[in-house]
Amino acid sequence: MRMGNIWAPLARAIAATGTDRHVDCLIDLIGADIAHDLVTVTRYSATRTPEFVKHRGFSDEMVRRYLDNYYVFDPFYASWRRERRLGIMPLKGLADEEAKRGQYIAGFLAQSEICDEVGIMLSDGGDWCLGIFLDRSTVSFKDSEIALLTERLPVFRALHALDIKARGSDFSRTSAPSGPGASPQQEPRIPEGLWPELSSRERELVQLILAGHPTANIAERLGITVGTVKNHRRRIYEKLDITTERELFLQFFQHKSSAR
């Protein structure tokens with residue numbers, strides 16, 4: 001990749017520190033020669049709910065769904081609360097096989113038409129960090145692209161530190177109220193009023209599906225065969241008039257959103 005691609009955005013990012021253009025110019029610099037389809041910028045706290053700072057090419061509806069429901073399944077949020085780790089964080093470094101089928105990836109990212117993302121996590125004062133996420137819809141980020149971001153990380157850090165210093169300790173990047181953050185969750189809770197047509201056994205199986213458990217693991221947990229799990233799943237889909245797991249996630253979160 002040619003270094004010439006970043007000089008102009010670097011100059012603009014330096015000039016923008018301490019101004020309202022800082023985050024946008026930092027996004028331009030980070031994504032200057034790393035192909036991406038979407039950008040999201042989120043602040044994470046170890047004690048408060050996340051804040052969406054801005055987004056490009058992303059839907060306002062998906063922002064609302066994230067803040068209402070999905071953030072507790074966000075592996076980047078969980079990582080920050082657990083480890084306070086900064087730097088370049090590819091999604092593939094956080095997602096084990098269970099997470100790949102869970103509510104953040106199989107639910108939120110699938111609905112957002114995102115197949116991969118990489119976060120640039122920068123200290124943002126107090127117990128907060130700023131996550132600038134480059135997202136792709138069809139192809140994953142290459143190791144060489146992650147390496148390039150890692151090589152440039154000291155520049156991103158320095159620019160953001162200059163912005164924080166220029167702003168002062170009282171500055172807030174968003175005006176959104178932020179309440180106590182819920183703990184990251186792995187297991188969903190199906191509301192009692194949702195899917196009354198399902199039996200208690202079917203609801204138990206659906207809960208495991210929503211938590212990201214593969215068929216073999218569900219069979220082991222429930223003490224039944226893989227074939228029986230597949231039969232249950234088929235009947236569940238028929239009762240709910242759906243054909244895919246994605247539709248199951250969608251019904252689950254639409255119900256939770258409408259209940260608020």
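Predicted model: local features only at pLDDT ≥ 70, side-chain atom pairs only at ≥ 80, totals over all residues.
Strand β5 spans residues 128–136, and nine of its nine residues are buried, so the strand is largely enclosed by the rest of the structure. In β5, both faces are covered. One side carries W128, L130, I132, L134 and R136, the other C129, G131, F133 and D135, and all of these residues are buried.

Two strands pair with β5. Strand β1, residues 38–45, runs antiparallel to β5 and is joined to it by eight bridges; within this pairing, V39 stands opposite L134. Strand β4, residues 116–123, is likewise antiparallel to β5, and eight bridges connect the two. Here E117 lies opposite D135 of β5. Strands β4 and β5 form a hairpin with four residues between the strands, in which G125 adopts a positive phi near 90°.

A helix pair was also examined. Helix α3 (residues 60–68) packs against helix α6 (residues 103–111) at an angle of about 155°, and the axes are 10 Å apart. Because angles over 145 degrees count as roughly antiparallel, α3 is assigned this orientation relative to α6. The contact brings M62, R65 and Y66 of α3 together with Y104, F108 and Q111 of α6. Classified by residue type, this contact comprises four nonpolar residues, one polar residue and one charged residue.

Note on methods. Residues numbered from 1 in each chain as written. Heavy atoms only, no water. Buried < 20%, exposed > 50% of the residue type's maximum accessible area, 1.4 Å probe, protein only. Pairing = 2+ DSSP bridges. Axes fitted to C-alpha atoms, helices over the stretch in contact; angles between N-to-C directions. Parallel < 35°, antiparallel > 145°, perpendicular 65-115°, else oblique. Contact = heavy atoms within 4.5 Å. Nonpolar A, V, L, I, M, F, W, Y, C, P; charged D, E, K, R; others polar.
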